[in-house]
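Please examine the model shown below. The report that follows describes its fold, its surface and several of its residues.

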Amino acid sequence: MNWRLVTFLLAALVAVLTGMVWHVSRLQWDVVTSTALRAAQIYSIALVEFRTAYTSEVVEPAMASGIDVAHDYIDRPRTIPLPATLSMILGERIGKQTGGAAAQLYSPYPFPWQQNIMKDQDTFKQAAWNALSEDPETPYFEFKETDGNTILRYATSDIMRPSCVTCHNTHPDTPRNDWKEGDLRGVLEVNMPLDRIT
């Protein structure tokens, strides 16, 4: 028996198997990340479309009928939530049904009741704001390892809509009163844990 040949064949077999395992694991990671990115994109689009529809179909007619719209709607009679407030409530409820996904809106120009969100400034939020300021059309994202789990952080532009300009510019607590349609108002971030997708 030729031991050199046997040793060579065993080494070749181990190398091939190792390569196959690495390749399959790489393919699996690619599938998981692309699935997570697509899910985060759909989640973001759904929240934006919901907010747009809520503004035109509910908020504007309600205001025309004398109903107030505010962030503290629970404490005020004849008041409904702001579009951003209701969007985040919806995002939270969807997250509970989809394995821990979460969404939040933030901006360097927060209203006073949003200050706590902005105090939690991490490097991703700042990097997302900077990237979206340069190119509001391209989402900014990263995969981050936290406590043994990988989370996709996916950020898109929150653009000032025509129906929101006047409200933001004239609100007594506004942090800025020179908004124009199309300005980058803030960032919509979706966090998507990858363990459920995996």
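The hairpin of β4 and β5 has 2 residues between its strands, and D147 there takes a positive phi near 50°. This structure is a predicted model, in which local features need pLDDT of at least 70 and side-chain atom pairs count only at pLDDT 80 or more, while totals for chains, interfaces and linings use all residues. Residues are numbered from 1 along each chain as its sequence is written, and side-chain values use heavy atoms, with hydrogens and water left out.

D147 is not a glycine, despite its positive phi of about 50°. The residue lies in the loop between β4 and β5. D147 counts as exposed because its relative accessibility is 77%; here buried means under 20% relative accessible area, exposed over 50%, and partly exposed in between, with a 1.4 Å probe and protein chains only. A positive phi also occurs at R78, again a residue other than glycine, with a value near 55°. R78 belongs to the loop between β1 and β2 (79–81), and its relative accessibility of 56% makes it exposed.

**The sheet**

Helices (H or I, at least four residues) and strands (E, at least two) are DSSP runs, numbered from the N terminus. The chain holds 6 helices and 6 strands. Read from the N terminus, the elements follow the pattern α-β-β-α-β-α-α-β-β-α-β-α.

Two strands pair if DSSP finds at least two bridges between them. An open sheet of 4 strands, with antiparallel pairing, is arranged in the order β3-β6-β5-β4. At its edges are β3 (102–106) and β4 (140–146), each of which pairs on one side only. From one strand to the next, the twist averages 20°.

| Strand pair | Sense | Bridges |
|---|---|---|
| β4 and β5 (residues 149–159) | antiparallel | 7 bridges |
| β5 and β6 | antiparallel | 9 bridges |

Individual partners can be named within these pairings. T146 has N149 of β5 as its bridge partner, and E145 stands opposite T150 in β5. On the β6 side, D158 is bridged to G186. How many of the residues of β5 are buried? The strand is mostly covered, with 8 of its 11 residues buried.

**The helix across the sheet**

Helix α4 (residues 123–134) lies across β3, β4, β5 and β6 (184–193), and runs at about 130° to β6. Such angles run from 0 to 180 degrees between N-to-C directions, and the axes are lines fitted to C-alpha atoms, for helices over the stretch in contact. Contact means heavy atoms within 4.5 Å.

A128 is part of helix α4. This residue counts as buried because its relative accessibility is 0%. Apart from neighbours within four places in sequence, A128 is in contact with Y106, Y140, A155 and V187. A128 and R153 are 25 residues apart in sequence, and their C-alpha atoms lie 9.7 Å apart in space.

**A residue of helix α2**

S87 is found in helix α2. Is S87 buried or exposed? S87 is buried, because its relative accessible area is 1%. Residues up to four places away in sequence aside, S87 touches L47, F50 and R51. S87 and R51 are 36 residues apart along the chain, with 6.0 Å between their C-alpha atoms.

**The chain and its largest pocket**

Of the 198 residues in the chain, 31% are buried. Among contacts with a separation of 6 or more, 61% join residues 24 or more positions apart. The accessible surface of the chain is about 12,300 Å², and 59% of it belongs to carbon and sulfur atoms; accessible areas come from the Shrake-Rupley method with a 1.4 Å probe, and for residues only the protein chains shown count as cover.

A pocket is an open set of points on a 1 Å grid over the protein atoms alone, where a 1.4 Å probe fits, with protein on both sides within 12 Å along at least five of seven lines; lining residues have an atom within 4 Å of a point. The largest pocket has a volume of about 930 Å³. It is lined by 43 residues, of which L82, P83, A84, T85 and H168 are the closest to its centre. Elements that each supply at least two lining residues include α1 (3–64), α2 (83–97), β5 and α5 (162–170). The largest share of the lining, 6 residues, comes from α2.

Conventions: Grid points are joined across faces, edges and corners, and a volume is the space filled by probe spheres set on the points.
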